[in-house]
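Trainee: I would like to learn how to read the inside of a protein model, starting from a helix and moving on to the core. Could we go through it step by step?

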Amino acid sequence: MKAQLPFINSNQRKGILALVCLIVLLQIFIFWFKRADNNAESTQYIVDVKTQQQIDSLKIVALKEYEPKPFNPNFVKDGKWFQLGMSTEEIDRLLKFRASGKYVNSAVDFQKVTGVSNELLAKIAPQFQFPEWTQNEKQETKNEAVVVNKMDLNKATLQDLMDIKGIGDYFANAILAEREKLNGFVSIQQVDFIKGLRPEAINIIKQTTFVKSATNIVKVNVNTATKEQLTQVPYLNSYLAREIVVLRSKQETALKIEDLEKINNFPLDKLKIIRLYLDF
């Protein structure tokens, strides 16, 4: 017995045809939508000149926020130096130098003090920012030959010192306080040891002042003075005075200036000046 196909009437055929057309239309719509979406992604937007300038300016502002800001290497915390790549030893050299009351005023000075490599210096030096007056002073030193009428440092007044370019109220008062403490300078080299005086200020003082041979110095005889008398000598503290007395007791011959070099922690950088206050 043969199988018979199901009978489809006219309405059913129309329904099937309509469904097929709907499916075809839906496929065409999906294809067109995807193509339009792809074209939108590849569209290049064109902006006018003014809008582009505004965009560029916003980019510059955003980039500046991430640019390294200039700084004075004399006033930087340890952590920043570590971030910049300096070693512990290099940082310690800088801190020791600053603790002495001195300042670095150029990238060359910074390298001399810290011992950083040329490569690291080239990386961090562009961020250095030194006071303008230090740079102007170097330029003037290079370009000008200045004739200076020197004054006696032991007779200079506060106003005399403040009138010297580069010496303000603070440095002038520090010099006068040291002069009073020493009962007058005996050597211009004594300004090297004034606490807080920057190297630039020291150089200026040496260029503009002088110290005459002092006539009012009461010299102390190293071989006969007591510990208390030796303590009164500038730059000799109680420890050094005691060590001189001990050294003197151990020697059969009288002490000479070079014998003081044997004392542990004796300030050899001040030996020539101390010599001016002593008899042997």
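**Reading a helix and a core**

Mentor: Bear in mind that this is a predicted model. Helix α4 is followed by Gly-101, a residue whose phi is positive, near 90 degrees.

Trainee: Which residues of α4 are buried?

Mentor: The general idea is that, in soluble globular proteins, nonpolar side chains tend to be buried together. In α4 the buried residues are Glu-90, Ile-91, Leu-94, Phe-97 and Arg-98. Seen down the axis of α4, these buried residues fall within an arc of 125 degrees, so they line one face of the helix. On the other side of α4, Lys-96 and Ala-99 are exposed.

Trainee: Against which helices do the buried residues of α4 pack?

Mentor: They pack against α3 (78-84), α5 (107-114) and α6 (118-124).

Trainee: Which residues touch the most other members of the largest nonpolar core?

Mentor: That core has 42 residues, and those touching the most other members are Leu-153, Leu-161, Ile-167, Ile-175, Ile-205, Ile-244 and Phe-266. At least two residues of this core come from each of α9 (169-182), α10 (199-208), α12 (238-250) and α13 (271-275), and α9 supplies the largest share, six residues.

Trainee: Why does this core lie between domain 2 and domain 3?

Mentor: Domain 2 (151-210) and domain 3 (227-276) both give residues to the core, so it lies between them. There is also a second, separate core of 17 residues, which includes Trp-81, Phe-110, Val-116 and Leu-121.

Technical notes:
Residues numbered from 1 in each chain as written. Predicted model: local features only at pLDDT ≥ 70, side-chain atom pairs only at ≥ 80, totals over all residues. Heavy atoms only, no water. Core = buried A, V, L, I, M, F, W, Y, C linked by side-chain atoms within 4.5 Å. Buried < 20%, exposed > 50% of the residue type's maximum accessible area, 1.4 Å probe, protein only. Helix = DSSP H or I, 4+ residues; strand = E, 2+ residues; numbered from the N terminus. Domains from an automatic or database assignment. Arc of directions from axis to C-beta. Contact = heavy atoms within 4.5 Å.
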